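This report concerns the model shown below. Please keep the sequence and the coordinates at hand while reading.

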Amino acid sequence: MNICLFFPEELNKPLSVKDERGQHIIKVLHKKEGESFTAGVAGGKAGKAVITKIDDGNIWFDFSEETDGKKLFPLKMIIGFPRPIQLKRLLRDMAALGVSEVHLTATELTEKSYLSSDLATTDAGRKMLYDGTVQAASTHIPELFIHKSLKECIEYIRANSPSGTRLCALDNIEPSTNLGSLSFDLESGAVAAIGSERGWTQAERQLMKDSGFVLLGMGSRVMRTETAATVAASIILNGMGCLS
């Protein structure tokens, strides 16, 4: 935990020492009254919190703003539902990298049972994004969207992305060129689609091409969905100059 992240309604309330953040402040950071810790407001500013009192199982603190808290980058990720254990790591990594949106979608080759997992039906997926944001010492949490089909997902993306957004789909079967050979613009942004564990069907490839996506490769090696997503996001963000 590289930042203690609070929601706006929590700022004027004491923090319980039993809370995960309270445990971290007391047992890991060993903070005492009068000392400070790195803190931030979800979706807002980052700064310092000074402990004014520790009493009756609560930590009282005063928060002061210092920075904008590391804004998210204009990269949206479309992810074909992987197995839940992979998805947990994937969501944390996407948030740590600073992508703005994660769109989880069913595909023709998705294992249907994944769609009924806690990550798809509860706030568990958003908790993973929260954890990745805290790991990155950021305050801005990516948005999470869940779609019933790739067609539905693409329609939403196209309707809610600026003109000029570069649309990419990673595919190791018939890529037109390599992802690393393209340039990316920070102002226009990008969308990157990663298939589920069994990849895309021919019908899905055609759907994406008809929707303006370019099929791109990342070498001859077959990667896990979580690995492919992290590598693709890193290449694109580097191309935007976000990792310099």
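## Basis of the model

The structure is a predicted model.

## Salt bridges

Side chains of opposite charge can pair when their charged atoms come close. In this model the count comes to 11 salt bridges. One of them joins E101 to K76, with the closest N and O atoms 3.9 Å apart. E101 belongs to strand 7 (residues 99-105) and K76 to strand 6 (residues 73-80), so this pair ties together parts that are 25 residues apart in sequence. Both partners fall under the 20% cut-off for burial: E101 is buried at 12% relative accessibility, and K76 is buried with a relative accessible area of 10%.

A further salt bridge links K127 and D131, where the closest N and O atoms are 2.8 Å apart. The two residues lie 4 residues apart in helix 4 (residues 124-135), a separation of about one helical turn. An α-helix has 3.6 residues a turn, so residues three or four places apart point the same way. K127 is partly exposed, its relative accessible area being 35%. R126 pairs with D123, and here the closest N and O atoms are 4.0 Å apart. In this pair R126 is partly exposed at 41% relative accessibility, whereas D123 is exposed at 57%. Elsewhere, salt bridges link E10, D19 and R21 into a network.

## Packing of helix 5

Helix 5 (residues 150-159) has four names on its list of buried residues: L150, C153, I154 and I157. These residues cover an arc of only 95° around the axis, which puts them on the same side of helix 5. Against the buried residues of helix 5 pack strand 6, strand 7, strand 8 (143-147), strand 11 (190-194) and helix 6 (202-210). Strands 6 and 7 are also the strands that hold K76 and E101, respectively.

Two packed helices are described by the angle between their axes and the distance between the axes. For helix 5 and helix 6, the axes come within 11 Å and cross at roughly 15°. Helix 5 is therefore roughly parallel to helix 6, since angles under 35 degrees count as roughly parallel. The crossing of helix 5 and helix 6 is right-handed. On the helix 5 side the contact is made by L150, K151 and I154, and on the helix 6 side by E204, L207 and M208.

V50 is located in strand 4 and is partly exposed, with a relative accessible area of 35%. Its C-alpha atom is separated by 8.4 Å from that of S64, which is 14 residues away along the chain. Apart from neighbours within four places in sequence, V50 is in contact with G34, E35 and S36, and with W60, F61 and D62.

G57 occupies the loop between strand 4 (46-55) and strand 5 (58-67). G57 is partly exposed at 36% relative accessible area. When neighbours within four places in sequence are set aside, its contacts are L15, S16 and V17. The C-alpha atoms of G57 and T177 are separated by 59 Å, the two residues being 120 residues apart along the chain.

Technical notes
Residues are numbered from 1 along each chain as its sequence is written. This is a predicted model: local features need pLDDT of at least 70, side-chain atom pairs count only at pLDDT 80 or more; totals for chains, interfaces and linings use all residues. Side-chain values use heavy atoms; hydrogens and water are left out. A salt bridge is a side-chain nitrogen of Lys or Arg within 4 Å of a carboxyl oxygen of Asp or Glu. Buried means under 20% relative accessible area, exposed over 50%, partly exposed in between (1.4 Å probe, protein chains only). The arc is that of the directions from the helix axis to the C-beta atoms. Contact means heavy atoms within 4.5 Å. Axes are lines fitted to C-alpha atoms, for helices over the stretch in contact, and angles run from 0 to 180 degrees between N-to-C directions. Angles under 35 degrees count as roughly parallel, over 145 as roughly antiparallel, 65 to 115 as roughly perpendicular and the rest as oblique. A crossing is left-handed if the near helix is turned anticlockwise from the far one by less than a right angle, and right-handed if clockwise.
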